[in-house]
Amino acid sequence: MSTHLHHTPESATATTAAQAAGPSAAAALHELVIDWFGDHARDLPWRRPDAGAWSVMVSEFMLQQTPVVRVLPVHEQWLARWPRPADLAAESPGEAVRAWGRLGYPRRALRLHAAAGAIAQRHGGEVPREHSELLALPGVGEYTAAAVASFAYGRRHIVLDTNVRRVFARVVTGVAHPPNATTAAERRTAAGLLPADEATAARWAAATMELGALVCTARSPQCGQCPVAALCAWRLAGSPPHDGPPRRGQSYAGTDRQVRGRLLAVLRASPGPVPQAALDSVWHEPVQRARALDGLVEDGLVEPLADGVYRLPV
């Protein structure tokens, strides 16, 4: 994979950056971004030296499609209640769904509960260090396995979340936004920029993620605060607007997701099973309400009992 930075003929600065491309350009990016991270990284509980791999894993499940500000209180409560994977595994999956609160996408709670059970059974209650062992856990995909191995254990892996993909799209490729789904080309770019040293690679993964979250944001990038603005292909090209496929929105109001959330809120608030009438009261449209409830049952988030009574899974 080539690490050459994209450039435009109109920009002498960009040409200079491209001429300097290769290992030296990658090293310059590493130094600038990692130094910036050292000065600007947020103090997040899962980043602290005493956090532990379980804290990192819980954070990665919770942070999928959910802002840090919403995750922080739930993460704290979760770790206080279940400080080890075995503690969560000993509870019912319904308790995991209940404690998930309003983070959204509650199937993540079931997946985290299943992963905790596998960790307790297969790994003596310790979150495994190896990427392959993490990937073999239920509910853990390529991104989460790489993130936990990197952030918890300092291992060298490509960690591509939306923030990192956006940084690479702009700095290296010269476009405003990455594709809707991760591509092989993006993975080649990330592999070419991954530092050879394991500790530096782990730091780079965290630093590029933070840069995308705080500075190289989707809607209002703060280019004046960016440590690599002088090397950014997108900025050097004049920050052209996005001209690819329409970006996916995150609509919520009136969707089945909203109905599912309201139904689950009733079940979470109840210490025991809930009658159909209590669920019927939270959404006016019966066909959509029934579809949402059926989906919750199919996903294992709700268990139907006799006589139209429902509960969280046990």
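Tutor: Twelve names answer this: Arg170, Val171, Val215, Cys216, Pro221, Cys223, Cys226, Val228, Ala229, Cys232, Trp234 and Arg235 line the largest cavity. Two elements, helix 10 (162–173) and helix 13 (233–236), each give two or more residues to that lining. A cavity here is a set of points on a 1 Å grid over the protein atoms alone where a 1.4 Å probe fits but cannot get out, and lining residues have an atom within 4 Å of a point. Helices are DSSP runs of H or I with at least four residues, strands are runs of E with at least two, and both are numbered from the N terminus.

The model is predicted: local features need pLDDT of at least 70, side-chain atom pairs count only at pLDDT 80 or more, and totals for chains, interfaces and linings use all residues. Residues are numbered from 1 along each chain as its sequence is written, and side-chain values use heavy atoms, with hydrogens and water left out.

In the whole structure, the search finds three cavities of 30 Å³ or more.

Of its 314 residues, 45% are buried, that is, under 20% relative accessible area with a 1.4 Å probe, counting protein chains only.

Methods. Buried means under 20% relative accessible area, exposed over 50%, partly exposed in between (1.4 Å probe, protein chains only). On a 1 Å grid over the protein atoms alone, a cavity is a set of points where a 1.4 Å probe fits but cannot get out, and a pocket is an open set with protein on both sides within 12 Å along at least five of seven lines; lining residues have an atom within 4 Å of a point. Grid points are joined across faces, edges and corners, and a volume is the space filled by probe spheres set on the points.
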